[in-house]
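Subject: Structure for your review

Dear colleague,

Please find below the structure that I am handing over to you. My notes on its contents follow directly after it.

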Amino acid sequence: MGAGWIGAEVATAARRAGCEVTVVESASAPLSTAVGAELGGRTLPWYDGIDLRLRTMVDSVDEGGVRLVGGEFVEAHVVVTGIGVRPAVEWLADADIDLHNGVVTDEHLRTSLPGVVAVGDCAAWWSRRWQARLRVEHWDTALNAPDVAAATLLGEEAVYDPVPYFWSEQFGHMLQYAGHHPAGDRLVYRGEPEGKWSAVWLAGDGTLAAVLAVDRPRDLVQGRRIIGAGSRLDAERLVDPQVPLRDCVV
(Lines give C-alpha, C1' and ligand atoms only; values in the text may rest on other atoms or scores of the structure.)
Protein backbone atom coordinates (compact mmCIF):
# COMPACT_ATOMS: atom_id res chain seq x y z
CA MET A 1 0.00 0.00 0.00
CA GLY A 2 1.68 3.18 -1.24
CA ALA A 3 4.13 3.78 -4.11
CA GLY A 4 6.31 6.31 -2.35
CA TRP A 5 9.95 5.79 -1.38
CA ILE A 6 9.22 2.98 1.09
CA GLY A 7 6.61 1.25 -1.07
CA ALA A 8 8.89 1.23 -4.10
CA GLU A 9 11.81 -0.14 -2.09
CA VAL A 10 9.69 -2.89 -0.54
CA ALA A 11 8.26 -3.80 -3.96
CA THR A 12 11.82 -3.95 -5.34
CA ALA A 13 12.98 -6.34 -2.60
CA ALA A 14 9.87 -8.51 -2.83
CA ARG A 15 10.11 -8.82 -6.61
CA ARG A 16 13.80 -9.69 -6.35
CA ALA A 17 12.87 -12.43 -3.88
CA GLY A 18 10.49 -13.94 -6.43
CA CYS A 19 7.22 -12.76 -4.89
CA GLU A 20 4.13 -11.77 -6.81
CA VAL A 21 3.71 -8.10 -5.96
CA THR A 22 0.71 -5.79 -6.07
CA VAL A 23 1.24 -2.08 -5.34
CA VAL A 24 -1.82 0.01 -4.52
CA GLU A 25 -1.38 3.78 -4.89
CA SER A 26 -4.07 6.46 -4.57
CA ALA A 27 -2.23 8.97 -6.79
CA SER A 28 -1.84 8.93 -10.57
CA ALA A 29 1.86 7.92 -10.49
CA PRO A 30 4.49 6.58 -8.10
CA LEU A 31 6.33 9.15 -5.95
CA SER A 32 3.60 11.71 -6.64
CA THR A 33 3.48 13.00 -3.08
CA ALA A 34 7.27 13.21 -2.87
CA VAL A 35 8.22 14.80 -6.20
CA GLY A 36 5.03 15.22 -8.25
CA ALA A 37 3.11 13.07 -10.71
CA GLU A 38 5.00 14.30 -13.79
CA LEU A 39 8.36 13.18 -12.48
CA GLY A 40 6.93 10.07 -10.82
CA GLY A 41 5.51 9.06 -14.19
CA ARG A 42 9.06 8.51 -15.40
CA THR A 43 9.33 5.54 -13.04
CA LEU A 44 6.26 3.70 -14.39
CA PRO A 45 8.28 1.38 -16.71
CA TRP A 46 10.22 0.19 -13.69
CA TYR A 47 7.11 -1.61 -12.41
CA ASP A 48 7.18 -4.17 -15.22
CA GLY A 49 6.10 -7.50 -13.73
CA ILE A 50 4.31 -5.82 -10.83
CA ASP A 51 0.56 -5.29 -10.58
CA LEU A 52 0.54 -1.53 -10.07
CA ARG A 53 -2.90 -0.16 -9.19
CA LEU A 54 -2.93 3.64 -9.56
CA ARG A 55 -5.78 5.95 -8.48
CA THR A 56 -6.86 3.14 -6.19
CA MET A 57 -7.87 3.38 -2.54
CA VAL A 58 -7.79 0.70 0.14
CA ASP A 59 -10.96 0.17 2.14
CA SER A 60 -9.62 -2.32 4.68
CA VAL A 61 -6.92 -4.85 5.45
CA ASP A 62 -8.62 -8.15 6.21
CA GLU A 63 -7.63 -11.72 6.88
CA GLY A 64 -5.86 -12.97 3.75
CA GLY A 65 -5.50 -9.70 1.90
CA VAL A 66 -6.72 -6.20 1.16
CA ARG A 67 -10.19 -4.99 0.21
CA LEU A 68 -10.19 -2.06 -2.19
CA VAL A 69 -12.71 0.75 -2.35
CA GLY A 70 -15.32 -0.63 -4.72
CA GLY A 71 -15.27 -4.11 -3.21
CA GLU A 72 -12.46 -5.95 -5.03
CA PHE A 73 -10.44 -8.22 -2.75
CA VAL A 74 -6.69 -8.62 -3.43
CA GLU A 75 -5.23 -11.73 -1.83
CA ALA A 76 -1.91 -11.31 -0.02
CA HIS A 77 0.26 -13.27 2.40
CA VAL A 78 1.96 -10.08 3.56
CA VAL A 79 0.71 -6.49 3.50
CA VAL A 80 3.10 -3.58 3.94
CA THR A 81 1.71 -0.10 4.56
CA GLY A 82 3.96 2.68 3.31
CA ILE A 83 1.74 5.77 3.24
CA GLY A 84 3.71 8.24 5.34
CA VAL A 85 4.48 8.86 8.99
CA ARG A 86 3.67 11.45 11.62
CA PRO A 87 6.08 12.65 14.33
CA ALA A 88 5.25 11.00 17.65
CA VAL A 89 5.13 14.08 19.87
CA GLU A 90 1.91 13.38 21.75
CA TRP A 91 3.89 12.80 24.94
CA LEU A 92 4.83 16.50 24.82
CA ALA A 93 1.24 17.72 24.52
CA ASP A 94 1.12 18.98 28.11
CA ALA A 95 4.54 20.63 27.94
CA ASP A 96 4.98 24.35 27.34
CA ILE A 97 6.61 23.77 23.95
CA ASP A 98 5.61 24.73 20.41
CA LEU A 99 4.44 21.72 18.40
CA HIS A 100 3.52 21.92 14.72
CA ASN A 101 4.41 19.07 12.37
CA GLY A 102 6.93 18.01 15.00
CA VAL A 103 8.86 20.03 17.56
CA VAL A 104 9.31 23.58 16.28
CA THR A 105 12.85 24.96 16.50
CA ASP A 106 14.76 27.98 15.28
CA GLU A 107 17.87 27.83 13.09
CA HIS A 108 19.94 26.98 16.16
CA LEU A 109 17.65 24.00 16.93
CA ARG A 110 16.34 25.74 20.05
CA THR A 111 12.75 24.94 20.96
CA SER A 112 10.32 27.37 22.58
CA LEU A 113 11.19 25.81 25.95
CA PRO A 114 14.36 27.46 27.36
CA GLY A 115 17.35 25.16 27.54
CA VAL A 116 15.77 22.51 25.31
CA VAL A 117 16.83 21.60 21.75
CA ALA A 118 15.40 19.10 19.26
CA VAL A 119 17.02 17.07 16.48
CA GLY A 120 16.13 14.24 14.12
CA ASP A 121 12.87 13.26 12.44
CA CYS A 122 10.73 15.13 14.98
CA ALA A 123 12.50 18.51 14.64
CA ALA A 124 10.88 21.12 12.38
CA TRP A 125 13.68 23.65 12.03
CA TRP A 126 13.79 27.08 10.39
CA SER A 127 15.96 27.20 7.27
CA ARG A 128 17.63 30.52 6.54
CA ARG A 129 18.47 29.27 3.06
CA TRP A 130 14.86 28.78 1.95
CA GLN A 131 13.08 30.92 4.53
CA ALA A 132 10.90 27.95 5.34
CA ARG A 133 10.39 25.42 8.10
CA LEU A 134 11.71 21.96 7.20
CA ARG A 135 11.39 18.53 8.76
CA VAL A 136 13.42 15.83 7.02
CA GLU A 137 13.00 12.13 7.81
CA HIS A 138 16.43 10.79 6.98
CA TRP A 139 19.41 9.58 8.94
CA ASP A 140 21.56 12.31 7.38
CA THR A 141 19.63 14.81 9.51
CA ALA A 142 20.01 12.77 12.68
CA LEU A 143 23.74 12.41 11.95
CA ASN A 144 24.60 16.08 11.50
CA ALA A 145 22.08 18.05 13.58
CA PRO A 146 23.39 16.97 17.04
CA ASP A 147 26.64 18.94 16.55
CA VAL A 148 24.65 22.16 16.17
CA ALA A 149 22.34 21.25 19.05
CA ALA A 150 25.30 20.61 21.36
CA ALA A 151 26.95 23.89 20.33
CA THR A 152 23.70 25.74 21.02
CA LEU A 153 23.47 24.25 24.49
CA LEU A 154 27.04 25.41 25.10
CA GLY A 155 26.11 28.97 24.21
CA GLU A 156 27.66 29.10 20.75
CA GLU A 157 25.96 30.66 17.71
CA ALA A 158 25.92 27.55 15.53
CA VAL A 159 23.33 27.46 12.71
CA TYR A 160 21.72 24.35 11.26
CA ASP A 161 20.92 24.96 7.60
CA PRO A 162 22.03 21.95 5.53
CA VAL A 163 21.15 21.02 1.98
CA PRO A 164 18.77 18.10 2.70
CA TYR A 165 19.90 14.84 1.14
CA PHE A 166 18.63 11.29 0.83
CA TRP A 167 18.67 8.37 -1.56
CA SER A 168 16.59 5.36 -2.56
CA GLU A 169 17.38 2.17 -4.47
CA GLN A 170 14.50 1.03 -6.70
CA PHE A 171 14.28 -1.62 -9.40
CA GLY A 172 18.00 -1.52 -10.18
CA HIS A 173 18.21 2.29 -10.11
CA MET A 174 19.93 4.57 -7.62
CA LEU A 175 17.92 7.71 -6.87
CA GLN A 176 19.70 10.53 -5.04
CA TYR A 177 18.07 13.77 -4.01
CA ALA A 178 19.42 17.03 -2.62
CA GLY A 179 17.77 20.36 -1.91
CA HIS A 180 14.21 21.59 -1.37
CA HIS A 181 12.21 21.40 -4.61
CA PRO A 182 9.17 23.37 -3.36
CA ALA A 183 11.47 26.40 -3.63
CA GLY A 184 11.78 25.78 -7.39
CA ASP A 185 9.59 27.34 -10.07
CA ARG A 186 10.80 25.36 -13.09
CA LEU A 187 11.51 21.66 -13.63
CA VAL A 188 14.23 20.76 -16.13
CA TYR A 189 15.21 17.24 -17.21
CA ARG A 190 18.71 16.07 -18.09
CA GLY A 191 18.54 12.87 -20.12
CA GLU A 192 15.72 10.64 -21.32
CA PRO A 193 13.69 8.34 -19.02
CA GLU A 194 14.92 5.23 -20.86
CA GLY A 195 18.48 5.83 -19.61
CA LYS A 196 20.30 7.72 -16.89
CA TRP A 197 18.69 11.05 -16.11
CA SER A 198 18.28 13.85 -13.62
CA ALA A 199 15.52 16.27 -12.71
CA VAL A 200 16.55 19.77 -11.71
CA TRP A 201 14.36 22.41 -10.04
CA LEU A 202 15.28 26.05 -10.66
CA ALA A 203 14.03 29.06 -8.73
CA GLY A 204 12.81 32.11 -10.62
CA ASP A 205 16.25 33.74 -10.56
CA GLY A 206 17.94 30.61 -11.93
CA THR A 207 19.20 29.43 -8.55
CA LEU A 208 19.33 25.65 -8.19
CA ALA A 209 16.72 24.58 -5.63
CA ALA A 210 16.95 20.78 -5.87
CA VAL A 211 18.19 17.90 -7.95
CA LEU A 212 17.02 14.29 -8.26
CA ALA A 213 19.65 12.15 -9.94
CA VAL A 214 18.79 8.70 -11.33
CA ASP A 215 21.99 6.71 -11.91
CA ARG A 216 23.87 10.03 -12.33
CA PRO A 217 25.84 10.42 -9.07
CA ARG A 218 27.96 13.26 -10.43
CA ASP A 219 24.85 15.38 -10.92
CA LEU A 220 23.99 14.80 -7.28
CA VAL A 221 27.45 15.61 -5.92
CA GLN A 222 27.87 18.73 -8.06
CA GLY A 223 24.27 19.80 -7.58
CA ARG A 224 24.50 19.60 -3.81
CA ARG A 225 27.56 21.86 -3.83
CA ILE A 226 25.88 24.31 -6.19
CA ILE A 227 22.80 24.51 -3.97
CA GLY A 228 25.00 25.09 -0.94
CA ALA A 229 26.78 27.93 -2.73
CA GLY A 230 23.51 29.50 -3.91
CA SER A 231 24.75 29.64 -7.51
CA ARG A 232 22.59 30.26 -10.58
CA LEU A 233 22.57 28.00 -13.62
CA ASP A 234 22.31 28.55 -17.37
CA ALA A 235 19.09 26.71 -18.25
CA GLU A 236 20.05 26.28 -21.92
CA ARG A 237 23.25 24.44 -21.05
CA LEU A 238 21.53 22.59 -18.24
CA VAL A 239 19.28 20.53 -20.53
CA ASP A 240 22.30 18.90 -22.18
CA PRO A 241 23.14 15.84 -20.04
CA GLN A 242 26.64 15.79 -21.54
CA VAL A 243 27.46 19.14 -19.89
CA PRO A 244 28.48 18.72 -16.24
CA LEU A 245 26.32 20.66 -13.81
CA ARG A 246 29.31 22.62 -12.56
CA ASP A 247 29.85 23.93 -16.10
CA CYS A 248 26.29 25.34 -16.12
CA VAL A 249 27.01 27.80 -13.31
CA VAL A 250 26.83 31.44 -14.40
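R110 counts as partly exposed, because its relative accessibility is 35% and the buried class ends under 20% while the exposed class begins over 50%. The side chain of R110 meets that of D106 in a salt bridge, with 3.0 Å from N to O. Please note that the model is a predicted one, and that the values in this message are computed from it.

**Salt bridges**

The structure holds nine salt bridges. Side chains of opposite charge can pair when their charged atoms come close. Besides the contact described above, D219 deserves a separate paragraph.

D219 forms a salt bridge with R190, and the closest N and O atoms of the two are 3.1 Å apart. This pair links distant parts of the chain: D219 belongs to helix 5 (residues 217-229) and R190 to strand 11 (residues 186-190), 29 residues apart. Both D219 and R190 are buried. D219 also meets R216 in a salt bridge between their side chains, at 2.8 Å from N to O. The relative accessible area of D219 is 3%, so D219 is buried. R216 is buried as well, because its relative accessible area is 17%, a value that falls under the 20% limit.

Elsewhere, salt bridges link D51, R53 and E72 in a network.

**Aromatic contacts**

How many aromatic pairs does the count come to? It comes to eight aromatic pairs. One of them joins Y165 and W167: the ring centres are 5.9 Å apart and the planes stand at 35°, so this pair is tilted. The reasoning rests on the angle, because planes under 30 degrees apart would count as stacked and those over 60 as edge-to-face. Y165 is buried, with a relative accessible area of 13%. W167, with a relative accessible area of 31%, is partly exposed.

F166 and Y177 form a stacked aromatic pair, with 5.0 Å centre to centre and 25° between the planes. F166 lies in strand 9 (residues 165-170) and Y177 in strand 10 (residues 173-179), so the pair ties together parts that are 11 residues apart in sequence. F166 and Y177 are both buried. These two residues also belong to a cluster in which ring pairs link W5, F166, Y177 and W201.

Two arginines lie over aromatic faces. R42 is placed over the face of Y189, at 3.9 Å from the ring centre. R129 lies over the face of W130, where the distance from the ring centre is 5.5 Å.

**Strands and sheets**

Strands of a sheet pair through backbone hydrogen bonds, either parallel or antiparallel. Strand 7 (residues 123-127) pairs with strand 8 in the antiparallel sense, over three bridges. Within this pairing, A132 in strand 8 is the bridge partner of S127.

Strand 3 (residues 58-62) and strand 4 (residues 65-68) run antiparallel and are joined by four bridges. V61 stands opposite V66 of strand 4. The hairpin of strand 3 and strand 4 has two residues between the strands, and G64 takes a positive phi near 90° there.

**Surface patch and a buried loop residue**

Which residues form a nonpolar patch on the surface? The patch is formed by I6, V10, V78 and V80, which together have about 330 Å² of accessible area. Of these, I6 is found in helix 1 (residues 5-16).

Y47 is placed in the loop between helix 3 (37-40) and strand 2 (51-53). Is Y47 buried or exposed? Y47 counts as buried, because its relative accessibility is 4%. Y47 and T22 are 25 residues apart in sequence, and their C-alpha atoms are 9.9 Å apart in space.

Yours sincerely,

A colleague

Conventions: Residues are numbered from 1 along each chain as its sequence is written. This is a predicted model: local features need pLDDT of at least 70, side-chain atom pairs count only at pLDDT 80 or more; totals for chains, interfaces and linings use all residues. Side-chain values use heavy atoms; hydrogens and water are left out. Two strands pair if DSSP finds at least two bridges between them. Patches are made of residues with over 30% relative accessible area and no salt bridge: like charges are joined within 9 Å, nonpolar side chains (Val, Leu, Ile, Met, Phe, Trp, Tyr) within 5 Å. Accessible areas come from the Shrake-Rupley method with a 1.4 Å probe; for residues, only the protein chains shown count as cover. A salt bridge is a side-chain nitrogen of Lys or Arg within 4 Å of a carboxyl oxygen of Asp or Glu. Rings of Phe, Tyr and Trp (its six-membered ring) pair if their centres lie within 6.5 Å; planes under 30 degrees apart count as stacked, over 60 as edge-to-face and the rest as tilted. Buried means under 20% relative accessible area, exposed over 50%, partly exposed in between (1.4 Å probe, protein chains only). A charge sits over a ring if NZ of Lys or CZ of Arg is within 6 Å of the ring centre and within 35 degrees of the ring normal.
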